[in-house]
Each structure stands twice: as C-alpha cells, then as structure tokens.
Amino acid sequence: MPNNGTVAQQSRVTVPSPGCLAAIMVPIVAVLIAVSILMVMHYRQERANERNKAEALERTADLAHSYARDIVVAPNGFPGQEVVRGIAERHDGRLLSYERSEDSLTTTVRFFGEYEDTNMFGVSHSRAYHCYSIVLRKGAEGAPQAKTSPLEECNVI
C-alpha cells in the first residue's frame, strides 16, 4: 500500500518510568501519613481532655461534701449567709442561693474544678463546674445533718 506522501498515525502507549511514578506517589503517601498521625494525636488529646474534665467534676463533688462538713460543724446552729458564702469560697464555690428556716438551711452552691485542656497550640487551664444543693436539718439529737445532692442545671441565681 502506498502512503502517497501522508504520514501514518501510530498509536503508542507509554508507561511512566519508575522514577516518575515514585516522584508522584511519595508526596501523596507522605501527606496521608501526616494526616493519619494528626488524627491520632487529636483523638488522644480529646480523650485526655475528657478525662481531665471528668476528674475536675469529681473534685467538685469532693468540694461539696467538704463544704457540707464545714457547714455542719459551724458554731451556734445554722450559720448566716455571709459565713456560708465565706465557707463556699474557701472550697472553690460560689453561693447561688441561701434559704434558712427554724429547722433547716438550704443552700445552692456552684463548685469549680480546674483542669488542663490540651490542643494543637498548647495547654490552657479551664474550669469545670457543677452545682449542688446542700440541705441541713436538725437531727433527733439536735445536731445538724447534711444532705448533698447534685443539680442538673445551675439556673438558680
């Protein structure tokens, strides 16, 4: 067959050289490794932050019980509002409500616990809080007895 001066088209499939393929794949694999490492680090930081916050909230329960013990041993029966406020502040708390009657004292206190919160940019100190209702009633022998109950919300102000 004569070509009559025309150039015949040739189909040619080229396979990239191994060096070219490596030059494309190495950055992609490096980015995938870096992203997976960052994801694992973020997950671990979040779990540690949740643990730290839970421990701080547990400390608020300890503070509430310690506060209740101090209120019970206060001299002369049920203490006044300023004395209760001072006791709350010594236990990292803030007095939200104070109700006193002849045979009972009911207070609502917000207790704070500090914890470290870690992120990609460093460590910050945060505060977790929980509110407790502390009810003191005179027992059979006349001594006050405390009942501490956690509250779902701190909307008493």
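Before I show the rings, let me say that aromatic rings of Phe, Tyr and Trp, the last by its six-membered ring, are taken as a pair if their centres lie within 6.5 Å. With that in hand, and bearing in mind that this is a predicted model, Tyr67, Phe111 and Tyr132 form one aromatic cluster.

A search of the whole structure finds three aromatic pairs, and one of them is that of Tyr67 with Phe111, an edge-to-face arrangement with 5.6 Å from centre to centre and 65 degrees between the planes. This pair links distant parts of the chain, since Tyr67 lies in helix 1, residues 18-72, while Phe111 lies in strand 2, residues 104-119, 44 residues apart. Tyr67 counts as buried because its relative accessibility is 0%, and Phe111 is likewise buried, with a relative accessible area of 0%.

Rings also meet charges here. The charged end of Arg110 sits over the ring of Tyr129, 4.9 Å from its centre, and the charged end of Arg127 sits over the ring of Phe112, at 4.1 Å from the centre of that ring.

Let me step back to the whole chain. The protein has two helices and four strands, which follow the pattern α-α-β-β-β-β along the sequence. Its radius of gyration is 34 Å, well over the 15 Å that the globule rule gives for 157 residues, so the protein is more spread out than a compact globule. The C-alpha trace spans about 125 × 25 × 25 Å along its principal axes. Of the 157 residues, 27% count as buried, and the protein exposes about 11,400 Å², of which carbon and sulfur atoms supply 56%.

Methods: Residues are numbered from 1 along each chain as its sequence is written. This is a predicted model: local features need pLDDT of at least 70, side-chain atom pairs count only at pLDDT 80 or more; totals for chains, interfaces and linings use all residues. Side-chain values use heavy atoms; hydrogens and water are left out. Rings of Phe, Tyr and Trp (its six-membered ring) pair if their centres lie within 6.5 Å; planes under 30 degrees apart count as stacked, over 60 as edge-to-face and the rest as tilted. Buried means under 20% relative accessible area, exposed over 50%, partly exposed in between (1.4 Å probe, protein chains only). A charge sits over a ring if NZ of Lys or CZ of Arg is within 6 Å of the ring centre and within 35 degrees of the ring normal. The radius of gyration is taken over C-alpha atoms; the globule rule is 2.2 Å times the number of residues to the power 0.38. Accessible areas come from the Shrake-Rupley method with a 1.4 Å probe; for residues, only the protein chains shown count as cover.
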